[in-house]
Structure formats: C-alpha cells, structure tokens
Amino acid sequence: MSCQSHWHTALGRTLGIILLILGTVGAGMSAAADASGWKIPPDPEIINFKRADATVVTQTLVAPPFLPKHEQVANGPPRLVKIRMDIVEREVEIAPGVFVWQMAFNNSVPGPVPVVHQYDWVELTLHNGASSRASFTINDGSGPNIMLHNVDFHASSGALGGGELTKVMPGQEVVLTWRAMKAGLFVYHCAPGGVMVPYHVVTGGNGALLVLPRKGLRDGYGNPIRYDRAFYFGEQDYYVPKNPDGTWKRSINYADQMGDMLKVMDGLIPTHVVFNGKTGALTTDIRLEAKVGETVLLLHSQANYPSWPHLIGGHGDWVWPYGKFNNQPDEGLESWAVVPGGTAAAVHTFHQPGLYVYLNHNLIMAFIKDAKAYIHVEGDWNNELMEQTSPPRVVE
Ligand SMILES: [Cu+2]
C-alpha cells in the first residue's frame with residue numbers, strides 16, 4: 001500500500017465518522033420535521049376548532065361514478081356537513097340473466113361518495129327503509145327491507161368506525177356525527193357483525209368517502225393540483241350461486257339468497273367483478289367524457305378484494321399510495337394497487353383524444369369479468385407524441 005493511498009483511507013474513515021455523526025444528528029432533527037419539506041404540519045387552530053362553532057351545510061349526494069358539487073380548497077374553518085343515506089335491499093340484473101339481491105346505500109352500488117375536507121365533521125342520517133320507497137323508483141317489485149344494517153366509515157375513529165352506533169332495523173333511522181381527521185379516499189361499508197359483514201359487502205353494501213386536504217391536492221413537488229373532473233370507480237366482486245342445471249340461481253329476497261351465496265363466497269373466487277355495480281355500467285350505460293388538456297381525478301375503491309388499476313393509453317401522473325393525500329404522491333406510474341378495504345387515487349392529464357380504458361390490469365378481471373370503464377376524450381391529436389409513421393403493409 002502506498003503512503004498516498006493510506007492517507008486517503010484514513011481521510012475516508014475520518015469523513016465517514018463525521019458523516020455518521022451528522023447523519024445521527026440529522027435523524028434526530030427529522031423526527032419533528034419532514035426531511036423532504038413536502039409535508040405541511042397541521043394547523044393547531046384548525047385541529048382545536050370546536051364542532052359547536054362549525055357552520056352547518058347540507059350536501060346532496062349523487063350516484064357514482066360522479067361526485068357531489070364541492071370545493072377543492074376549503075374556504076374558512078371546518079364545517080359540519082350533513083348527509084343522508086337510505087339503505088335499500090333490491091334485486092338487480094348485474095349481467096344478462098344474472099340477478100343479485102343487493103344492499104344498496106342510497107339505492108346505488110357502490111354507494112355515493114360524500115366529499116368533505118380534513119377536520120370537517122360528517123353528520124350522517126342513516127335510514128333503513130321498512131316501507132317507504134317514495135324517493136326511489138324500483139322496478140323489481142321488491143318488498144320492504146328485511147335485515148339490520150349499519151355503516152363502518154374507515155375515515156372515522158372509534159366504535160368500529162361508527163358501526164356500533166349506526167345499527168338500524170328496518171323502519172329505523174339513526175344520526176352519527178364524526179370528525180374526518182385523516183385526508184384521503186376511504187372505504188365505508190355495512191358491517192352488521194359476523195358472516196353478515198362479508199355478505200352485506202359483496203352484495204353491494206359499500207362505497208367511499210372523499211376527505212380532501214384543506215388546501216387541496218399537491219403534486220410531488222408541492223405544487224397545487226386542481227382537477228377538471230373526478231370519476232369514482234367502485235369495484236364490486238359478486239359470488240352468484242348456480243342451479244343444479246348450471247343456470248344462475250335467483251332468490252326471492254335478500255335473506256333467501258344468503259345461504260347459497262355464502263357457499264360460493266367460501267371458495268373465494270368471484271363469479272363477477274364489475275365497476276359501478278353491474279356489467280357494462282361504465283362502458284355502455286354511462287359515457288365518461290373528458291377533453292385533451294383536462295386533468296381528471298381517478299378514484300378507486302374495493303371493499304373486499306385486491307385490484308390493480310391501469311389507464312390504457314395514459315398514466316397515473318401522480319398516484320397517492322392507498323389513496324391518502326397527506327403522503328407525497330408517486331410520479332408516472334403505469335399500474336398501481338388497491339388493497340381490500342382500501343382505495344387508490346390518481347390524476348392524469350389527457351394529452352391525446354380517443355378512447356382510454358381504465359381497468360383492473362388483472363386482465364381476466366377486466367375482460368372475462370367486467371372490471372373496466374371507458375373514458376372518451378375529445379381534442380386534437382399530437383403527432384409529436386404518437387404517429388403511425390408507416391401504415392401496415394404487406395411484406396411477405
Ligand atoms: Cu347491511
């Protein structure tokens with residue numbers, strides 16, 4: 001070993017020790033502050049704001065895949081947002097000749113997406129309809145609700161997500177007020193206890209609630225993101241029983257269906273996987289549209305099964321892991337994940353016109369089942385991004 005290299009080694013060791021000490025000090029300091037500078041510490045004034053001082057507003061919920069009218073940035077202190085959800089047991093043809101008795105929050109599967117800001121309160125009136133169906137049009141001739149229902153909000157704290165405090169028998173109504181302390185898209189679902197939990201969830205008793213950061217969404221650099229449209233993809237797995245002759249079994253009511261359905265559920269393989277409650281809901285029944293240059297917020301939940309979203313022809317420009325907006329988003333993803341009982345959120349700015357397919361990139365789920373949606377985008381084609389520079393021609 002030459003003298004010079006020995007000197008280098010010694011210097012290296014000394015530098016290493018200094019860096020180690022600095023690193024230790026740095027780690028100690030970063031316990032209180034985010035090293036990247038991306039995180040914004042919560043405002044104590046907002047956290048300590050009292051419910052009694054909150055302005056009360058009523059939010060009219062709408063059927064998915066759309067969201068109720070909302071502000072992306074909160075103006076003013078936390079509010080108390082009143083919402084109402086009516087539970088309906090109903091029979092729906094989820095695919096040609098395939099009928100499922102559903103448990104539907106507000107007569108839709110998935111349920112509606114309430115939108116609040118972090119530190120707002122949610123005041124939910126939950127109604128389990130015994131006889132009154134006046135507000136809904138149901139063509140299946142179904143009778144009154146039969147079972148007890150409730151709701152577990154993953155966004156809430158305590159009492160099994162509110163499940164313990166929202167149990168309602170047919171004919172009953174309950175009011176639960178809770179504070180949205182975390183930001184993100186959160187699953188909610190019916191959870192009456194025991195085997196009823198998965199039964200009510202796989203028959204449609206689930207949805208998602210959006211809690212926006214008070215200052216709105218931010219990209220990985222900390223810049224504000226404002227979306228022009230938002231679509232909610234509630235993915236649903238179904239376990240439909242069959243008759244001995246191989247045809248799909250149809251039941252007389254929500255309770256009658258349960259025994260046979262539980263046997264299919266026990267195999268853990270869904271017979272149907274769809275977006276927005278039924279086959280073709282977002283490819284045929286509802287036309288999702290956007291324009292070149294628009295930024296679209298893509299919200300996805302799955303209450304019971306994993307999913308792996310992908311936007312064919314686009315990307316997750318920014319993707320929030322687990323759909324939680326106080327974590328720095330990932331940039332430029334091709335596919336991402338939704339865990340069972342969880343969500344994912346992504347934004348994409350459309351650069352080309354045409355048909356985009358948002359799907360579960362387990363392609364069996366997407367194309368043999370029906371976990372997919374179409375987004376039709378209008379605008380001018382950009383040859384710099386893509387051009388068929390030589391059309392197909394015979395070469396052999
Ligand atoms: Cu239920």
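Entry 1, terms. I take two strands as paired if DSSP finds at least two bridges between them. Strands are DSSP runs of E with at least two residues, numbered from the N terminus. The model is predicted, so I keep to its limits: local features need pLDDT of at least 70, side-chain atom pairs count only at pLDDT 80 or more, and totals for chains, interfaces and linings use all residues. Residues are numbered from 1 along each chain as its sequence is written.

Entry 2, the six-stranded sheet. I looked up tryptophan 318 and found its bridge partner in S18 to be glutamate 331. Strand S17 (residues 316–320) pairs with S18 in the antiparallel sense, over three bridges. Both belong to an open sheet of six strands with mixed pairing, in the order S13-S12-S15-S19-S17-S18. Its edge strands, each pairing on one side only, are S13 (272–275) and S18 (330–333). From one strand to the next the twist averages 25 degrees; axes are lines fitted to C-alpha atoms, and angles run from 0 to 180 degrees between N-to-C directions.

S4 (residues 115–117) and S9 run parallel over three bridges, and valine 116 has valine 211 of S9 as its bridge partner. On the S8 side, six bridges join S8 (residues 184–189) to S9 in the antiparallel sense. Which residue of S9 is the bridge partner of leucine 185? I find leucine 210, and leucine 210 is also the bridge partner of valine 115.

I count a residue as buried if 20 or more other C-beta atoms lie within 10 Å of its own, exposed if 12 or fewer, and partly exposed in between, with C-beta atoms placed from the backbone. In S9 (residues 206–212), seven of its seven residues are buried. In a regular strand the side chains alternate between the two faces of the sheet. For S9, one side carries Asn206, Ala208, Leu210 and Leu212, and the other carries Gly207, Leu209 and Val211.

Why does alanine 208 count as buried? Alanine 208 is buried because it has 31 C-beta neighbours inside 10 Å. I list contacts as C-beta atoms, placed from the backbone, within 7 Å. Beyond four places in sequence, alanine 208 touches residues including Val113, Tyr232, Leu299 and Thr343. Its C-alpha lies 6.5 Å from that of leucine 185, 23 residues apart in sequence. Phenylalanine 186 is in contact with Ala208 and Thr343, among others.

I use nonpolar core for a set of buried Ala, Val, Leu, Ile, Met, Phe, Trp, Tyr and Cys residues joined through C-beta atoms within 7 Å. The largest has 82 residues, and those touching the most other members are Phe186, Ala208, Leu209, Leu210, Val211 and Leu299. Strand S2 (residues 79–95) gives the most, with six residues. At least three residues come from each of domain 1 (44–213) and domain 2 (229–378); the bounds come from an automatic or database domain assignment.

I followed S2 to S1 (residues 55–58), parallel over four bridges, and to S5 (residues 121–128), parallel over eight bridges. Leucine 80 is the bridge partner of valine 56 and stands opposite tryptophan 121 in S5. S3 (residues 98–105) pairs with S2 in the antiparallel sense. In their hairpin, with two residues between the strands, glycine 97 takes a positive phi near 75 degrees.

Technical notes:
Two residues are in contact if their C-beta atoms, placed from the backbone, lie within 7 Å.
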